Amino acid sequence: MREIARGVGLQPGALYYYFASKDDLLLACQTWSLDRLIDRAEAIRAEEAGPAERLEALILSHLDLTLRVTGGGAAHIEVGALPPRHRRGIVRRRDAYEALVRETIEDGIQDGVFAPVDARAAALALLGALNWTAVWWRPGGDWSSENVAGDFAGIFLHGLMRRGSEEINE
């Protein structure tokens, strides 16, 4: 808590005014991130765009929040560090977000744009890769957050595309 307080220019006691414990601070970080991911994903799902464009927008949005907005912090993925009383609500939010990603992949499979894969496995693989960027990406490094987002979108979209599909522009 002292390191965090120093990082935001507060005395440790001032941070405890807002958060009673490290658990409460971690819960706030995860709630904030997941609420924004869900809000963004719901807006993207509502767009009049094809499944590939929506999935690309979800990938770009996820990495924008993970890398640019939070600066690559990993607090939003440390669910196991939460006590059980906090973990249940976060897992429900995480599952809701996963469902939005999975449904987008299912849309692409149903439309014949994506290969017939297990949509849940594809969503979990995608989210695992996106979240792992918080572990290895560093602000000011060789890769900008925009480069990482663009590369990941290309890798996952081209990997899911049904052979012969022309929905993604080269």
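The notes below cover a pair of helices and then a pocket.

This is a predicted model, in which local features need pLDDT of at least 70, side-chain atom pairs count only at pLDDT 80 or more, and totals for chains, interfaces and linings use all residues. Residues are numbered from 1 along each chain as its sequence is written, and side-chain values use heavy atoms, leaving out hydrogens and water.

**The helix pair**

- Helix α4 spans residues 51-69 and helix α5 spans residues 84-110; helices here are DSSP runs (H or I, at least four residues), numbered from the N terminus.
- Their axes come within 8 Å and cross at roughly 150°, where axes are lines fitted to C-alpha atoms over the stretch in contact and angles run from 0 to 180 degrees between N-to-C directions.
- α4 and α5 are therefore roughly antiparallel, a term for angles over 145 degrees.
- On the α4 side, P51, R54, L55, L58 and H62 make the contact (heavy atoms within 4.5 Å) with α5 residues including Y97, L100 and V101.
- By class, this contact of α4 with α5 has seven nonpolar, three polar and two charged residues.

**The largest pocket**

- The largest pocket has a volume of about 270 Å³; a pocket is an open set of points on a 1 Å grid where a 1.4 Å probe fits, with protein on both sides within 12 Å along at least five of seven lines.
- Its lining (residues with an atom within 4 Å of a point) counts 16 residues, and L34, I77, R94, L127 and N131 lie nearest the centre.
- α5 gives the largest share of this lining, five residues.

Notes: Helix = DSSP H or I, 4+ residues; strand = E, 2+ residues; numbered from the N terminus. Parallel < 35°, antiparallel > 145°, perpendicular 65-115°, else oblique. Nonpolar A, V, L, I, M, F, W, Y, C, P; charged D, E, K, R; others polar. Points joined across faces, edges and corners; volume = space filled by probe spheres on them.
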